[in-house]
Amino acid sequence: MDILLQQIINGLTTGSVYAVVALGYTMVYGVIQLINFAHGEVVMIGAMVAFSIITSLAGSSLPPLVIVLAGVMAAVPACMVIGYLLERAAYRPLRHAPRLAPLITAIGMSIVLQHLALLAWGRNPLAFPQIIDNRVFAVGGAAISSVQIAIILLSLTMMGGLSWFVYRTRFGIAIRASAENVHVAGLMGVNADRVIAATFVIGAGLGAVAGVMYGSYYGIAHYTMGFSLGLKAFSAAVLGGIGNIAGAMLGGILLGLVEALGTGYVGDLTNLCAWPGAQGWLAAQCADGGHFVLFGSNYQDVFAFLMLILVLVFRPSGLLGERVSERA
Amino acid sequence: MTGILLEARDIGKRFGGVQALKDVSLTINSGEIYGLIGPNGAGKTTLFNVFTGLYPRDSGEVQFAGKALDLASPHAVAAAGIARTFQNIRLFANMTALENVMVGRHVRTRAGVFGAILRTRAERTEEAAIRRRADELLHYVGIADRADDLARHLSYGDQRRLEIARALATDPQLLALDEPAAGMNATETGALRDLIEGLRRDGLTVLLIEHDVKLVMGLCDRVAVLDYGEKIAEDVPEAVRANPKVIEAYLGTGAA
Amino acid sequence: MMNMAMREKLGLALIAVALVALPFVLASAGTAWVRITNFAVLFVLLSLGLNIVVGFAGLLDLGYVAFYAVGAYVYALLASPHFGLHLPFWVILPLGAAVACLAGVILGAPTLRLRGDYLAIVTLGFGEIVRIFMNNLSAPVNLTNGPKGISRIDSFQIGPVNFAGSDTFAGLVFSGPIKYYYLLMLVLLAVIVVNRRLQDSRIGRAWVAIREDEIAAKASGINTRNIKLLAFAMGASFGGIAGGMFAAIQGFVSPESFVLNESIMVLAMVVLGGMGNIWGVIAGAMLLSFVPELLRYTVEPAQRALFGKLLVDPEVLRMLVFGAALVLTMRFRPAGLWPETRHRREMNENRA
């Protein structure tokens, strides 16, 4: 098996999910400079809602694709409503408060949503019912499943759709204008409240689909899944340049690749027995084909954070971003 | 002390495609009030921010009190002896007036964490001195009666004074005031004028950005005019007033 | 009428007597209550540490529990059969504080020049990284014993007095938790004094100045990066000390004690009590520490009585309370239930 190609395929799959979730962070941040911590939880709720619907329909005679579609169709509006309520009830009243206030509110909302989900769905993960015949295709020594293909294609479609919306429609231009300068956009007749609410709603809708994709890729959805997924997607948004829509897409894909390749190779790279010159005590450990692996694939979740920290230290504006540090 | 206090050579600053400052050179003499005027967007505040280390410059050097000024960090500029106020007043809103001024003493004092935790004799002496000096400065700018009020509860004019007191607390040789009269009525402007003249009498050098041309012309020893990021004049007020380039910059082409 | 100073002294004396008598009163209701109180005091210590970072300097640290974890693991590794080391606590506690402080500096140095909200997310990630390492550093060399954690950690020992067992003195039985209670009170007292002194110092003013307006603070001659780093390091040290005490009191540490929710809890305590106000933070920490107990004794029986079964786990309810506390405080009382004294002074003046 070609490990490199396989990891690239896996990385592209998770990366495209990260990208879609990252869009939610970056659009909101672009307009009101708020890290919407609760976005990860919205994504999680999307997955939970869809999984509930899919599970309850799994026994019916409907075709599998229709069942999955029904799940997504339920999750998207549900998340959009949550996104709207979040903005309306929690963030809007704090729009002129000191910087720390909305951030703390966002953390609070994230905890509240997560535990409400725990109340609604319980502690046990929901499993994706075996309704889809997940076919696996061989590509140049690696394997790609139909679910992976579907995730990548759907993500690309959504990213394309959002780009069209943001760059080609009137309302999209209003969003971009507000991201440049929300006050000036307001003077030009853009209704800032509507734009801000729209970024939350669109982000939540995309997030819902991303949640379903992520859940179906790993086969489960769990009330805690939003936390690390959200954190990674946020890292992706920062990597691409927060506030920048193309950046979020690029950052997501890159982060997925880094994570997959890192996880795939870190064990080999930190296996001290594979390094030349093992001596003494270490040599004894390595005898008879032994291994001395410092960091194995169980460090998977570390890569995103390390990437985040490295980006912030060396290129805080991200790959495609312009805005740097605090405004004077 | 007489002679040159600050000498800036060929300061350049660009924001994206906009050349905000273009090879600006100027000299400020010790003990004078130096005015900086120019139409909106001429680059006055940008120059200020470069001098005080808030914006990195693209080119040029600044000599201050005979030494090259480290423009990389604002606190080093303050330590070197340049203090400033802001066009849109920036106080520590939830600290008292007295505390605001005490913060200004930071750069001239030394007590660290361990001194504070152990309340050493040196720390207590220093703390008392900080408080005394802050009190004096509040008296000096005339708002001693508001010492224990939160900065955000002060009137606009008093906030301007408090900002000056905080700047003075850093023991500056050069005090840079960014539009101190903005938004003031005639009485307040008069009082401000007296305050600035008092500062000069006490040996301070003042750099003044101001929109109120009358105030600048009446107060300053010398005036520089910026237009589109370039210095177009630097002279005594009467000469600047008569300078055709200045008149054109202010009134538009063809008016001269 | 008594003058203010006299009255204040009398009040403090009364509080002191009450605090000295408290563990015996609690013990009569069950030693469990002494233990619960001890953990509440640990949270007060943590909150006071985080208050330096969030309350004074205005830096949102969401990975604070990582420093708590560092302190706890330093203690656990150096005073347990895991490595066969049994150093005395007065060596390990300062060491734990120093290591936590170092971790704070390493994390803070590259990130503190960035915007505040980036700091929040980086600290969040850092907290996770520390937990992941604790979970996985059992191979190739067993450093942390992984998810199983480290057990049989030494309790404190001062001369002949061991904090694990009971001693009888002057007819009173001093159980282990009661001894820890007094020790915690001493540490708490020291931490309060340190906090108060820092607050009223040149450094404390610089912290608040940065919180209020970073640019003005810079222009006023404050080296904001160093001063922020100092706040971060101080907060981390406090977390390290609290962590060491936690390890000794609990006798067992595992990564599960240092999850993000713990950081959020401490943050909620600081925010609800009143960022920047030492007494408010203490009150907030006590209040929220006892919420779970309160829920356990009210919500659980109430549900069983009403529905015949447990519908809502008190544990879940507790986190909902913490989350809601953050949201509602920011919305309706952004300065907390007990705001900083400066504000209060101001409000009293207005009333007069």
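How many residues does the contact take from chain A and from chain C? Keep in mind that this is a predicted model. Chain A puts 48 residues into the contact, and chain C puts in 45. Between them the two chains bury about 4,200 Å², with 79% of that on carbon and sulfur atoms.

What about charges and polar groups? Across this interface there is 1 salt bridge: A:R123 pairs with C:D313, and their closest N and O atoms sit 3.3 Å apart. There are also 2 residue pairs in polar contact between chain A and chain C. On the chain A side, the elements that give two or more residues are α4 (100-121), α9 (225-240) and α12 (300-314). The largest share comes from α4(A), with 14 residues. Sort the chain A side by residue type and you get 37 nonpolar, 6 polar and 5 charged.

Now hop over to chain B, where you'll find an open sheet of 6 strands with mixed pairing, in the order β6-β7-β8-β3-β9-β10. Since β6 (82-84) and β10 (230-235) of chain B stand at the edges with a single partner strand each, one side of each has no neighbour in the sheet. From one strand to the next, the twist averages 20°.

Look inside the sheet and you'll see β3(B) (residues 33-37) running parallel to β9(B) (residues 222-227), joined by 4 bridges. B:G35, for example, has B:V223 in β9(B) as its bridge partner. Helices pack on this sheet too. Helix α7(B) (residues 186-201) touches β3, β7 and β8 of chain B, and its direction makes about 150° with that of β8(B). Helix α10(B) (residues 244-251) touches β3, β9 and β10 of chain B, at about 130° to the direction of β10(B).

Conventions: Residues are numbered from 1 along each chain as its sequence is written. Chains are lettered from A and ligands numbered from 1 in the order in which they are written. This is a predicted model: local features need pLDDT of at least 70, side-chain atom pairs count only at pLDDT 80 or more; totals for chains, interfaces and linings use all residues. Side-chain values use heavy atoms; hydrogens and water are left out. Contact means heavy atoms within 4.5 Å. Buried area is the accessible area (1.4 Å probe) that two parts lose on being put together, summed over both. A salt bridge is a side-chain nitrogen of Lys or Arg within 4 Å of a carboxyl oxygen of Asp or Glu. A polar contact is a pair of N or O atoms within 3.5 Å; within protein, one must be able to donate a hydrogen and the other to accept it, and residues adjacent in sequence count only if both atoms are side-chain atoms. Ala, Val, Leu, Ile, Met, Phe, Trp, Tyr, Cys and Pro count as nonpolar, Asp, Glu, Lys and Arg as charged, and the others, Gly among them, as polar. Two strands pair if DSSP finds at least two bridges between them. Axes are lines fitted to C-alpha atoms, for helices over the stretch in contact, and angles run from 0 to 180 degrees between N-to-C directions.
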